[in-house]
Amino acid sequence: MKLIIGLGNPGRDYEHTHHNVGFDTIDLLAEKWGISLNQQKFNAIYGTAHRPEGKVMLMKPLTYMNLSGEAVRPMMDYYDIDVEDIVVIYDDLDLEKGKLRLRQKGSAGGHNGIKSLIQHIGTQNYNRIRIGISRPPVGMKVPDYVLSRFSKEDQPVMQEAFGRAADACEYWLEKPFAEVMNRFN
């Protein structure tokens with residue numbers, strides 16, 4: 001089984017914010033595959049797709065961003081999912097809005113959700129899809145920015161990014177992640 005994890009914050013106040021690009025991508029995949037995220041376990045909501053490539057779980061931790069690892073680790077343990085069989089989708093301030101960067105390892109780079117994942121799964125070596133959100137405008141604090149919604153002008157760029165991230169996830173079901181990186185970076 002493979003596990004695709006989208007990071008974000010639960011609740012209506014956080015829907016479609018800069019910090020929730022992982023949730024938005026998971027929602028897009030669920031819609032595309034015709035599955036519901038209607039199961040709940042280990043402080044996460046998830047759904048399972050039975051695809052030609054095998055069983056795939058889509059997951060959104062409900063722990064809030066900074067504690068994401070507290071939901072991911074128990075899910076991996078319960079379903080006996082190896083770290084090589086996960087991909088994590090999240091926002092990146094250091095990438096231009098809508099740009100994707102795929103990696104197989106790396107530090108948290110100041111991202112608290114990733115810090116939590118590294119702490120709980122015990123390694124920095126796992127597949128990641130980072131979606132660029134750019135830096136906040138001058139004078140705006142980072143926490144305020146990541147919890148704000150995309151402007152009307154930015155929405156088409158971000159929708160395209162979610163689509164490319166979803167395509168990368170689908171490609172990963174058939175190919176090694178190194179090939180996915182070559183194609184989508």
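Biologist: Why is Lys32 called partly exposed?

Modeller: Lys32 has a relative accessible area of 46%. Buried means under 20% relative accessible area, exposed means over 50%, and partly exposed lies in between (1.4 Å probe, protein chains only). The value of Lys32 falls in between, so Lys32 is called partly exposed. This is a predicted model, in which local features need pLDDT of at least 70 and side-chain atom pairs count only at pLDDT 80 or more, while totals for chains, interfaces and linings use all residues. Residues are numbered from 1 along each chain as its sequence is written, and side-chain values use heavy atoms, with hydrogens and water left out.

Biologist: How do you know that the side chains of Asp167 and Lys32 meet in a salt bridge?

Modeller: The N to O distance between Asp167 and Lys32 is 3.1 Å. A salt bridge is a side-chain nitrogen of Lys or Arg within 4 Å of a carboxyl oxygen of Asp or Glu. Asp167 lies in helix H5 (residues 155-172) and Lys32 in helix H1 (residues 21-33), so the pair ties together parts that are 135 residues apart in sequence. Helices (H or I, at least four residues) and strands (E, at least two) are DSSP runs, numbered from the N terminus. Asp167 is itself partly exposed, at 34% relative accessible area.

Biologist: How many salt bridges does the rule give?

Modeller: The count comes to nine salt bridges. One of them joins the side chains of Glu53 and Arg51, at 3.2 Å from N to O. Glu53, at 31% relative accessibility, is partly exposed, and Arg51, at 22%, is also classed as partly exposed.

Biologist: What makes Asp77 and Arg73 a salt bridge, and where do the two residues lie?

Modeller: Their side chains meet at 2.7 Å from N to O. That distance is within the limit for a salt bridge, so the name applies to Asp77 and Arg73. Both residues lie in helix H2, four residues apart, which is about one turn of the helix. Asp77 counts as partly exposed at 47% relative accessibility, as does Arg73 at 24%. Elsewhere, salt bridges that share partners join Lys32, Asp167 and Glu170 into one network.

Biologist: Why is Ser116 called buried?

Modeller: The relative accessible area of Ser116 is 3%. This value is under the limit for buried residues, so Ser116 is placed in that class. Ser116 is located in helix H3. Not counting residues up to four places away in sequence, Ser116 touches Asn66, Leu67, Ser68, Gly69 and Glu70, where contact means heavy atoms within 4.5 Å.

Biologist: Which residues of helix H3 are buried, and what do they pack against?

Modeller: In helix H3 (residues 112-121), the buried residues are Gly113, Ile114, Ser116, Leu117, Ile118 and Ile121. They pack against helix H2 (69-78), strand E5 (86-92) and strand E7 (127-132). Just after H3, Gly122 has a positive phi of about 80 degrees.

Biologist: Which residues other than glycine have a positive phi?

Modeller: His16 is one of them, with phi near 60 degrees. His16 is in the loop between strand E1 (2-6) and H1, and at 44% relative accessibility it is partly exposed. Asp80 also has a positive value, near 55 degrees. Asp80 is in the loop between H2 and E5. Its relative accessibility is 66%, which is over the limit for exposed residues, so Asp80 is called exposed.

Biologist: What makes a set of residues a nonpolar core, and which residues of the largest one touch the most other members?

Modeller: A nonpolar core is a set of buried Ala, Val, Leu, Ile, Met, Phe, Trp, Tyr and Cys residues joined through side-chain atoms within 4.5 Å. The largest has 37 residues, of which Ile4, Trp33, Leu58, Leu102, Ile129 and Ile131 touch the most other members. H5 gives the most to this core, with nine residues. Leaving aside neighbours within four places in sequence, Leu102 is in contact with Arg128, Ile129, Ala168, Phe177, Val180, Met181, Phe184 and Asn185.
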